[in-house]
Amino acid sequence: MTGRSTSRHPRTHPVLLTVLLLTLGVQLVGASSEFDPYKILGVGRSASQPEIKRAYKNLAKEWHPDKNKDPKAEDMFIKVSKSYEILSNEERRSNFDRYGQMDENQPFGQSQQQQGFRGFHNSFYFDESFFHFPRSRDFADSKYLLHHAQFNSDVLPDSHKRPYLIKVTSEWCFACIHIEPVWKETVQELEPLGIGIGIVDLGYERRLANQLGAHRAPSIIGLVNGRVTFFHQAVVREHLRQFIEDLLPQKLVEKVTDNNYQAFLDNWHAENKPSILLFDQVPFAPLMFKLTAFAFRDYVRFGYVDQGDTQNNRILWQFNINTYAPTMLLFKEDTEKPVDIIQARGMKRQIMDEFVSNNKFLQVPRLVNQQLFDELCPVKQFHRRRKYCVLLITGEDQTFLPGNKAFLAFASTNSKEVLRFAYVYQRHQQPLCQALLHNQAAASPQVVILERRSQAGRVLFRSVSGGWNGSEEDKYRLHEQLEILQKDPTYLTSDTTLPTLNNEMAPIFIIQWINAAYDYILQVYDDLLYSNWREMMPILSLIFSALFILFGTVIIQAFSEPGESKPRTPKPKEQPQTEDDASSRANTTSRPPKKDFVEVTELTDLTYTSNLVKLRPGHINVVLVLTNASKTALLRKFAKEVFSFSGTQNLHFSFLNADKHNHWMPSLLHSTSAMQDQGRDEDEESSDYSGHVLALNGHKKYFCLFRPVFTGDDPNDSSSETSFSSDNRRKSRSRSRSSSHSRSRSHSREDGAGGKRGSSRATSIDVHHKLDRLGLWMERLMEGTLPRLQVPAWPILDEATNNLSAES
């Protein structure tokens, strides 16, 4: 019964399967088309980058899961972030506008059409499965892939805040597979500490690899402060960790003991920075603490205390440190009592960063550069609350010290979110002080309340009358004016434009020059110490050859007699060039190929769509039609004829097996209007299409056709000498020359579109003669003088699919 029921309905199962697949395909297309980053962000397709960024900030704030308790908030926040990731990058945005939704694993700047050519560009002489060993990339590595634009815009500036560990790999690198387990373990250990991870593929990011100086795989690179350093030791997790630690600046964390801790804390005034002390049981500062110090080195000073050292008992007793867990203390102007403290056994990088970020400034910092001024006194924005900067203009002499301390005490007792207290030395920042004091030198310290209105330096301000001496009356007057200001923002009546602040912490020129010279010497030393001598052999060979020629000439001249002369040997008489030699030499010298092989791939059901139907605009695929019997001979001849054109970027070379797809060529020729207008002789010609070559433009839907043309004897074939007489050979050569000279007037020989003589002779041409004039046809193809045959649509390659569509 089972056998009968299976044989009774043999046709219903393919139909049901086809309907099911079509329904599933429609659902998948509909699901993929639902995601539109423009609709999610609420912007038009012509929106500028500031508009996209503004829309993203508003939506991210609205749908953030911490602020929005809607169950759909998290999904919406992910969609908003993904949309901004696509539209903020011009290459991704352009690819989305052209091709729609992109793959999750698809890197920046690589469209779906380029994905289709991935196997095409990685093949050898022929794209056979025997030669092609693509290594499937791990899904976890896709998020670490770096690209040239992304590296220069994001990674390079970010390397001044955190180090990066970059692996250079390739799909053809078998040594990369060997180090893969160690690399994964290292990434799992170092990435939670805040170290950036990157992967560069030599096959797709050759430009970025050249910028990094990485010319072979595998290579491991460290990037700190924009400087590239190569890893030259054995690939072990401990070595990679030490490699990153050695790249960090040496004096990030100062070792603090009982002898120097007071001097370390008192140095806040000279450095104008808060101080952080980490207490732990290990002899040296942990890597995570060093990475935090590297990220905030411009704001905070870092020190480390070893709790196991007996020389640190006094500092442990003074601050009552618990020796069972790591402890961090933060000090500002008061060195006797910490402002903030944190203690935890499993201290994480995120906790450290948040702890330091909330205490980056002193209670009353000194304005020493424009960057500090911008962060302390930000420009007023409409979506933010007003913030006022209370600025004390004073001096650095001892006579100003009581007033400065009184201002610090006032700021400590009146600290509010809308008020920022700071001071500035009049002698160091004269342009700023003159703009606020109306070009008058202040004999006594002055207090100015200001509000920044623009990045260009425009501020509203008001000077506190009576100056500042630190008395109780001055404190009461300042407190009264601050209360009035918070009730009436129009209390600031003066308007001016402030100049850019002088950078008081910038090193002098000689120090900068010494640091740059030191870095350069270290780089040269590292290159000489770890040079790849195999790559240096050509340079060394050139140097020794030049020295040998120089000293050899000197020695010969020293030992030779003055009147001695040697007879010159006559040059061998040059043989006359033949016409074939001249043409072959012209072809090899006029257009040197960029590659030493020809990439030829077969048109199959998998490669047909990407290599023809969705071929990129401006690209042409040159396809050779062959059979199983003529495959070897025609491919060898085809590669020889098109070799000089293989360096052209917009030309691709493929072959089509007529035995597998015998309906494709007739369908293509009958679909063109030019072929339908020809006579019956064309319809009665042989159906053997082996040796035909087509230049297919998939985007504009036209092709140029080359038919096999008889050109005479094969000079390499010895049998031709006995088959024809000398008169026949001269006649055939004269016909060949006359046809080549007159090809500008008649295209019957090259394009194969007209001329019944050429088509009738094509059936009797040997296999190795069919592509004799393909080189001349390729030259006319590059010149754009070949006739173009338009097609309404490209035929379907799969005959079964074509028959099924015809029946339906």
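**Entry 1: ground rules and a helix pair**

To begin, I note that axes are lines fitted to C-alpha atoms, for helices over the stretch in contact, and that angles run from 0 to 180 degrees between N-to-C directions. Helices (H or I, at least four residues) and strands (E, at least two) are DSSP runs, numbered from the N terminus.

I am working with a predicted model, in which local features need pLDDT of at least 70 and side-chain atom pairs count only at pLDDT 80 or more, while totals for chains, interfaces and linings use all residues. Residues are numbered from 1 along each chain as its sequence is written, and side-chain values use heavy atoms, with hydrogens and water left out.

A crossing is left-handed if the near helix is turned anticlockwise from the far one by less than a right angle, and right-handed if clockwise.

Which residues of H4 and H5 make the contact? From H4 I listed Gln49, Ile52, Lys53, Tyr56, Leu59 and Ala60, and from H5 Phe77, Val80, Ser81, Tyr84 and Leu87. Contact here means heavy atoms within 4.5 Å. Sorted by class, the contact of H4 with H5 has 8 nonpolar, 2 polar and 1 charged residues. In this sorting, Ala, Val, Leu, Ile, Met, Phe, Trp, Tyr, Cys and Pro count as nonpolar, Asp, Glu, Lys and Arg as charged, and the others, Gly among them, as polar.

**Entry 2: a disulfide and a helix crossing**

I searched the whole structure for disulfides (pairs of cysteine sulfur atoms within 2.5 Å) and found 2. One of them joins Cys173 to Cys176, with 2.2 Å from S to S. The link of Cys173 and Cys176 is right-handed, with 95° about the S-S bond.

Next I turned to helix H11 (residues 180-190) and helix H13 (residues 237-247), whose axes come within 9 Å and cross at roughly 45°. H11 and H13 are therefore oblique to each other, and H11 passes H13 in a right-handed crossing. Val182, Glu185, Thr186, Glu189 and Leu190 of H11 meet Arg237, Leu240, Arg241 and Ile244 of H13. I sorted this contact into 4 nonpolar, 1 polar and 4 charged residues.

**Entry 3: two backbone details**

Is the peptide bond from Ala217 to Pro218 cis or trans? I found cis, with omega near 0°. Pro218 sits in the loop between helix H12 (206-212) and strand E3 (219-224).

I placed Asn272 in the loop between helix H15 (268-271) and E6.

**Entry 4: a sheet of 5 strands**

I traced an open sheet of 5 strands in the order E5-E7-E6-E8-E9, with mixed pairing. Two strands pair if DSSP finds at least two bridges between them. Strand E5 (253-255) and strand E9 (340-343) are the edge strands, each pairing on one side only. From one strand to the next, the twist averages 20°.

Strand E6 (residues 275-280) and strand E8 (residues 327-331) run antiparallel and are joined by 5 bridges; Leu277 has Leu329 as its bridge partner in E8. Helix H16 (residues 287-295) packs on the sheet and touches E5, E6, strand E7 (301-306) and E8, its direction making about 165° with that of E7. Helix H18 (residues 349-357) lies across E6, E7, E8 and E9, and runs at about 175° to E9.

**Entry 5: a sheet of 6 strands**

I then followed an open sheet of 6 strands, ordered E15-E17-E16-E18-E19-E20, also with mixed pairing. Its edge strands are E15 (600-602) and E20 (789-790). Strand E16 (residues 620-626) runs antiparallel to strand E18 (residues 693-697), and 4 bridges join them. Asn621 has Leu696 as its bridge partner in E18. Helix H27 (residues 631-642) packs on this sheet, touching E15, E16, strand E17 (651-657) and E18, at about 150° to the direction of E16.

Note on methods. Angles under 35 degrees count as roughly parallel, over 145 as roughly antiparallel, 65 to 115 as roughly perpendicular and the rest as oblique.
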